[in-house]
Amino acid sequence: MSKTLLFPPSFAWGVATSAFQIEGAASADGKGPSIWDTFSHRAGTVIDASNGDVACDHYHRYADDVALMADLHVDAYRFSMAWARVQPDGKGAWNEAGFAFYSRLLDALAARGIAAHLTLYHWDLPQGLQDDGGWLNRDTAYRFADYAAEVARRFGHRVATISTHNEPWCTANLGYGNGQFAPGVADAKQAIQVSHHLLLSHGLAMTAMRAVGSAAQLGIVLNQWTADPATDSQADRDMAAFEYAHSVQWFMDPIFKGRYPELALRIHGENAPDVHDGDFKIICQPIDFLGCNFYRRTWCSAAVPPVPPPAEHGVTDMDWEIYPQGLTDLLLQLDAEYDLPPVYIMENGMANHDVLVDGGVPDLARIDYVQRHLQALLRAMEHGVDVRGYFLWSLLDNFEWNSGYAKRFGIVHVDYATQQRTLKDSAIWYRGFIDEQRERR
Ligand code: FCB
């Protein structure tokens, strides 16, 4: 199947991870605690009662992991910085040992010719800021901008891109809406206010990074999906329209149009956020790229019990419907609605019930998933959407938030008892696919 796919020569092929999910070394070299350290140590939060204390021990094994990436022939690596590693309290003193770790990582990537794509915030707020109210406190947005400026000042010339946030939808709706993620608050009004502070912090950080003259491309990564009504009924169509407005347009409209979508505001009613004069001016400024994470569509059925999705290509180990066409649909929809900058698919991949068999992992379902999504991506590009790169989630099996280590998303298998890394068949396939694309360059 891959033989039929032909991406542009400059297209970047990458893998993605995030700090809390792989680094471990939870308190090494002066790192402060983050909300995920606190949350995962609280009973009943993570299904296998695990935490990120050790994870993939990437903090100590980063050089081997970079060698692994080089062995997979990837062009690019997307990772996040643990804010509490470089500023233990989220305000005040910087931790030089923390910056030194990321500097060593960047050196190792540069030595292998792998472009670095850095995310500033992948959900691990310093606990010190949570103690001051976390993202519900407007002041956290200003602390974030200080952190962003410092990172851009130090590393802005050594990385290809800097993303302010990863999936603010999750920070707000899972962290504050249903309490599944840190800090574990379940309060719809707070979730909406938090989403506004996240957007504000994005805008403040963009301004602050540009002020220090960062050479990196600057943008944000959103998790996005189409919302498809299960039937043609008015109820299903209304549900889909609200879902799309609340999840996708809620973040895109402020950034690209300087306002919240009317429909979502109307439905949120008195839960609508407190917006200060001038906030939209800060939020709505050009971004150099849009990062898009795509896993599945949202299937909207108002019926009781709901009409299940067709799942023609099955479901993943997370029970997420596999629907590659959704990626084409989403990109075309976004392209029609907004004046998009270049797009990167910053995450795409699947959890699979992977088992080691004779020293290998035959994860054929994952190969199929990725191939189908790449086909879908190419279809969108053929229709004119400007996509510059694709990052497979994830390089390694890792700490999958409230699913702990029970769900495996890696193309490289991790034995958590020994930290042994084993290439899955999908990793071997991905390397072959990248080679094939490169031969055509
Ligand atoms: C995304 C997250 C990433 C990982 C994947 C499976 O929402 O950004 O950390 O959990 O899902």
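Analyst: In this predicted model, R153 and E150 form a salt bridge, with 2.8 Å between the closest N and O atoms. The two residues belong to helix α7 and stand three residues apart, so about one helical turn separates R153 from E150. E150 has a relative accessible area of 11% and is therefore buried, since a residue counts as buried under 20%.

Salt bridges with shared partners also occur: D354, D363, R366, D397, R408 and K424 are joined by them into one network.

A further pair involves the loop that lies between α6 (127-130) and α7 (139-155), where R138 is located. R138 forms a salt bridge with D279, and their closest N and O atoms are 2.9 Å apart. Because D279 sits in helix α12 (residues 279-283) and R138 in the loop, this pair ties together parts that are 141 residues apart in sequence. R138 and D279 are both buried.

The side chains of K31 and D37 likewise meet in a salt bridge, at an N to O distance of 2.9 Å. K31 has a relative accessibility of 11% and so counts as buried. D37 is buried as well, its relative accessible area being 9%.

These pairs should be read against the total for the model: a search of the whole structure finds 29 salt bridges.

How values were computed: Residues numbered from 1 in each chain as written. Predicted model: local features only at pLDDT ≥ 70, side-chain atom pairs only at ≥ 80, totals over all residues. Heavy atoms only, no water. Salt bridge = Lys/Arg side-chain N within 4 Å of Asp/Glu carboxyl O. Buried < 20%, exposed > 50% of the residue type's maximum accessible area, 1.4 Å probe, protein only. Helix = DSSP H or I, 4+ residues; strand = E, 2+ residues; numbered from the N terminus.
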